[in-house]
Amino acid sequence: MKWGYNIVTKRSIDLDANDMTIALKLQEAEESLISCIACGCCTATCTAGNLTDFNFRQLHTLVRRGEYDKAREEAEKCMLCGKCFIICPRGINTRNVILTLRRIL
């Protein structure tokens, strides 16, 4: 059947082939990360995001995909101001997520 679109293999991600050990360690260290709904409140209030191209949602996606080299670069852009933690409707300690991710990577 033709659905009107094709999957571009260069952009597809095989999650089964990725090493998810770091993502699982991060999830164990900050269990509230599981409840993230990617609402974007953290990104909207981010000081570093206003000055650079940092985006916490993008960082979280990179970690879930197992793309740790890019995640390492993104995590270093965070200024650890804590605004995202204050505004998060789910109460995710995003500051702790960044600190833990930096330590693991």
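Reader: What is the handedness, left-handed or right-handed, of the crossing of helix 4 and helix 7?

Author: The crossing of helix 4 and helix 7 is left-handed, a term used when the near helix is turned anticlockwise from the far one by less than a right angle, with right-handed for clockwise. This is a predicted model, in which local features need pLDDT of at least 70 and side-chain atom pairs count only at pLDDT 80 or more, whereas totals for chains, interfaces and linings use all residues. Residues are numbered from 1 along each chain as its sequence is written, and side-chain values use heavy atoms, with hydrogens and water left out.

For the setting, the secondary structure of the protein consists of seven helices and zero strands (DSSP runs numbered from the N terminus, H or I of at least four residues for helices and E of at least two for strands), and along the sequence this reads as α-α-α-α-α-α-α. The C-alpha trace spans about 50 × 30 × 25 Å along its principal axes, and 31% of the 105 residues count as buried (under 20% relative accessible area with a 1.4 Å probe and protein chains only, against over 50% for exposed and partly exposed in between). Of the contacts between residues at least 6 apart in sequence, 68% join residues at least 24 apart, where contact means heavy atoms within 4.5 Å.

The axes of helix 4 (residues 56-65) and helix 7 (residues 94-104) come within 12 Å and cross at roughly 45 degrees; such axes are lines fitted to C-alpha atoms, for helices over the stretch in contact, with angles running from 0 to 180 degrees between N-to-C directions. That angle makes helix 4 oblique to helix 7, since angles under 35 degrees count as roughly parallel, over 145 as roughly antiparallel, 65 to 115 as roughly perpendicular and the rest as oblique. At this crossing, Phe56, Leu59 and Val63 of helix 4 meet Thr94, Val97, Ile98 and Leu101 of helix 7. Sorted by class, the contact of helix 4 with helix 7 has six nonpolar, one polar and no charged residues (Ala, Val, Leu, Ile, Met, Phe, Trp, Tyr, Cys and Pro are nonpolar, Asp, Glu, Lys and Arg charged, and the others, Gly among them, polar).

The buried residues of helix 4 are Phe56, Leu59, His60, Leu62 and Val63. Viewed down the axis of helix 4, these residues fall within an arc of 160 degrees, so they line one face of the helix; the arc is that of the directions from the helix axis to the C-beta atoms. Besides helix 7, the buried residues of helix 4 pack against helix 1, helix 2 (41-45) and helix 5.

Glu74 itself has a relative accessible area of 8%, and, apart from neighbours within four places in sequence, Glu74 is in contact with Asp53, Phe54, Asn55, Gln58, Leu59 and Leu62. Between Glu74 and Phe56 there are 8.3 Å from C-alpha to C-alpha, although the two are 18 residues apart in sequence.

Helix 7 also packs with helix 1, at an angle of about 140 degrees and with the axes 10 Å apart; helix 1 and helix 7 are therefore oblique to each other, and the crossing of helix 1 and helix 7 is right-handed. Here Ile22, Lys25, Leu26 and Ala29 of helix 1 meet Asn96, Val97, Thr100, Leu101 and Ile104 of helix 7, and by class the contact of helix 1 with helix 7 has six nonpolar, two polar and one charged residues. Thr100 is buried at a relative accessible area of 2% and, leaving aside neighbours within four places in sequence, touches Leu26 and Ala29. Asn96 and Glu30 lie 66 residues apart in sequence but 7.3 Å apart in space, C-alpha to C-alpha.
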